Amino acid sequence: MADKYLDPDEEREELEDDTDANTEAQRNAVRRTSEWFRKDRDAKSFYNAEMDESDKLRTLKHWDLLGPTGNPLRTPDQQAVHPNAIDPVVNALVEGFISEFAQDVDLIDYPMEEGDDEAALIMSDIKQYIAYKNRIQLERLKWLGNFAWHGTGIWKHVFDPTWIGGEGPNRWSGEIRWQSRHPRYVFPDMSCGEDIHQGRRI
């Protein structure tokens, strides 16, 4: 049987049919969550527009940047007459900034009180182990790239019971995820103001 691709209206109807088996409380929770997401997404639209502009610099489309009037700095006809090939100076500056701050750092817990030495050593070992499993060097580069280009770096820390790894007697299941998240795909509470930690959800 050939695959069927639904248009948005058909897909919405199918999803609504699937919720018939849910309780009224569950349907209300889905509707409320959907409403929150739409509001949070719309409230963030101005920041997405800013990220679109910075991405133009990163991809050498600087003449497509919007000027004070909201129009591109040069029309396609103007660009054809004056292409103005450029050196990626901005890219070099940003990548240099990232490399300066991408050095490994020691994850050390210092004793806070007398007799805490052993606990501090254990916590330091645990942190370094979790960082190693999460390939934190690569995640740090992603975080720094987001911070340098978009002004925001976001870490996500959750316990993932489905994450498995290792082999043989070293097989393990479930561990703390320590990941960088692109700000374009994070939707904080629209009422959080300038600090996403002040919101009720994310």
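The lining of the largest pocket holds ten nonpolar, two polar and five charged residues. Here Ala, Val, Leu, Ile, Met, Phe, Trp, Tyr, Cys and Pro count as nonpolar, Asp, Glu, Lys and Arg as charged, and the others, Gly among them, as polar. The model is predicted; local features need pLDDT of at least 70, side-chain atom pairs count only at pLDDT 80 or more, and totals for chains, interfaces and linings use all residues. Residues are numbered from 1 along each chain as its sequence is written, and side-chain values use heavy atoms, with hydrogens and water left out.

Helices are DSSP runs (H or I, at least four residues), numbered from the N terminus.

Salt bridges were counted next. The criterion is a side-chain nitrogen of Lys or Arg within 4 Å of a carboxyl oxygen of Asp or Glu. By this rule there are 15 salt bridges. In helix 2, lysine 39 and glutamate 35 lie four residues apart, about one turn of the helix. Their side chains meet in a salt bridge, at 3.2 Å from N to O. Lysine 39 is partly exposed, at 39% relative accessible area. Glutamate 35 is also partly exposed, at 36%. Buried means under 20% relative accessible area, exposed over 50%, and partly exposed in between (1.4 Å probe, protein chains only).

In helix 3, lysine 56 and glutamate 53 are three residues apart, again about one turn. The closest N and O atoms of their salt bridge are 2.7 Å apart. Both lysine 56 and glutamate 53 are buried.

Helix 7 (residues 136-150) holds a further pair. Glutamate 139 forms a salt bridge with lysine 142, with 3.2 Å between the closest N and O atoms. About one helical turn separates the two, because they are three residues apart in helix 7. Glutamate 139 is buried, with a relative accessible area of 10%. Lysine 142 counts as partly exposed, at 47%. Elsewhere, salt bridges that share partners join Asp40, Asp189, Arg200 and Arg201 into one network.

Arginine 135 sits in the loop between helix 6 (117-133) and helix 7. Most residues other than glycine have a negative phi. Arginine 135 is not a glycine, yet its phi is positive, about 50°. Arginine 135 counts as exposed, because its relative accessibility is 60%.

In helix 6 lies lysine 127. Lysine 127 is partly exposed, at 33% relative accessibility.
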